[in-house]
Amino acid sequence: MNKEELTAQLKVIIKPYTTNTDAYENFTEDTDFIKDLNINSANLVDIILDIEETFDIVIENTDMERMLDVKTSVVIIETKLAAK
Amino acid sequence: MNLNEIIKQLPYSKPFLFVDELLHADENGITGTYTFSEDLDFYKGHFKDNPVTPGVILTETMAQIGMVCLGIYLLGNDLKKDTVVAFTSADMQFLKPVYPNEKVTVTSQKTFFRFGKLKCEVVMKNEAGIEVCKGIVAGMITTKL
């Protein structure tokens, strides 16, 4: 799976958790989950669990703390997929 | 952590503590009870001359026993002075009315506790053993939000 496909899949996962439709429509790799998409910490946990299920990977606490924007999340998912 | 110790660690006090006794706790769930005294202030207004326990209070009782007490148990020695509790979502069904002086038993089953978020399935039964309320509660029990 390439970066674009991965980002597109991440966008689908995030959709039910954001209320800011403008920021969601303008989703880029610089999009910040909390600042741009108004996602709270409880919903962020749900997103991480959905990512684990979708990509069949395990996210550690230290990874989760860094997964606050699209760019970092994609890098972490790529690394986990490569290590499988 | 023993069951009395969990209640002592709760961040609530009267008139907003809705836990009397915990009966059992383990890694997967918790059971506790609360009796809605007829002296509770909200009965004066809910409803006028017809006291019934408000759904929000039943929800709070489910969350305090089923989510917060279980979270304190699961944290164990990781419970710190700066641990905060934030109730983040509830999806409830209210099946039967709960009247003043009724004692209810809340049973909670952990769905997951990860990254500081605890999500549980909770059921409340009355003294006759009939389900009065059930649903899903979730909250953050963590040192940072």
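Reply: Asp46(A) is buried, with a relative accessible area of 12%; buried means under 20%, exposed over 50% and partly exposed in between, with a 1.4 Å probe and protein chains only. This is a predicted model, in which local features need pLDDT of at least 70 and side-chain atom pairs count only at pLDDT 80 or more, while totals for chains, interfaces and linings use all residues. Residues are numbered from 1 along each chain as its sequence is written, chains are lettered from A and ligands numbered from 1 in the order in which they are written, and side-chain values use heavy atoms, leaving out hydrogens and water.

Asp46(A) forms a salt bridge with Lys117(B), with 2.6 Å between the closest N and O atoms. The term salt bridge stands for a side-chain nitrogen of Lys or Arg within 4 Å of a carboxyl oxygen of Asp or Glu. The pair joins two chains, because Asp46(A) lies in helix α3 of chain A and Lys117(B) in strand β5 of chain B. Helices (H or I, at least four residues) and strands (E, at least two) are DSSP runs, numbered from the N terminus. Lys117(B) also counts as buried, at 3% relative accessibility. In general, side chains of opposite charge can pair when their charged atoms come close.

Next, the contact around this pair. Chain A puts 12 residues into the contact and chain B puts in eight, where contact means heavy atoms within 4.5 Å. About 860 Å² is buried between chain B and chain A, 64% of it on carbon and sulfur atoms. Within chain B, Arg114(B), Phe115(B) and Lys117(B) supply 63% of the area that chain B buries against chain A, more than any other three residues. Buried area here is the accessible area (1.4 Å probe) that two parts lose on being put together, summed over both.

Between chain B and chain A the count is two salt bridges. There are also four residue pairs in polar contact between them, both residues at pLDDT 80 or more. By class, the side of chain B that touches chain A has three charged, one polar and four nonpolar residues. Ala, Val, Leu, Ile, Met, Phe, Trp, Tyr, Cys and Pro count as nonpolar, Asp, Glu, Lys and Arg as charged, and the others, Gly among them, as polar. A polar contact is a pair of N or O atoms within 3.5 Å; within protein, one must be able to donate a hydrogen and the other to accept it, and residues adjacent in sequence count only if both atoms are side-chain atoms.

Other salt bridges give some context. Over all chains the count comes to 10 salt bridges. One of them pairs Lys71(A) with Asp30(A), at 3.3 Å from N to O. This pair links distant parts of the chain, 41 residues apart: Lys71(A) is in helix α5 (residues 70-82) of chain A, and Asp30(A) is in the loop between α2 (21-25) and α3 (41-55) of chain A. Lys71(A) is partly exposed at 40% relative accessibility, and Asp30(A) is exposed at 53%. Glu5(B) and Lys8(B) also meet in a salt bridge, at 3.7 Å from N to O. These two are separated by about one helical turn because they are three residues apart in helix α1 of chain B. Glu5(B) counts as partly exposed at 28%, and Lys8(B) as exposed at 65%.

Strand β4 of chain B holds another lysine, Lys110(B). Lys110(B) is partly exposed, at 28% relative accessibility. Its side chain reaches the backbone oxygen of Glu27(B) at 3.0 Å. Not counting residues up to four places away in sequence, Lys110(B) touches several residues, including Leu118(B), Lys119(B) and Cys120(B).

Last, the core. The largest nonpolar core has 36 residues, and Leu22(B), Phe36(B) and Met124(B) have the most contacts inside it. Among the elements that give two or more residues to this core are β4 (103-114) and β5 (117-125) of chain B. The element that gives the most is α2(B), with 12 residues. A nonpolar core is a set of buried Ala, Val, Leu, Ile, Met, Phe, Trp, Tyr and Cys residues joined through side-chain atoms within 4.5 Å.
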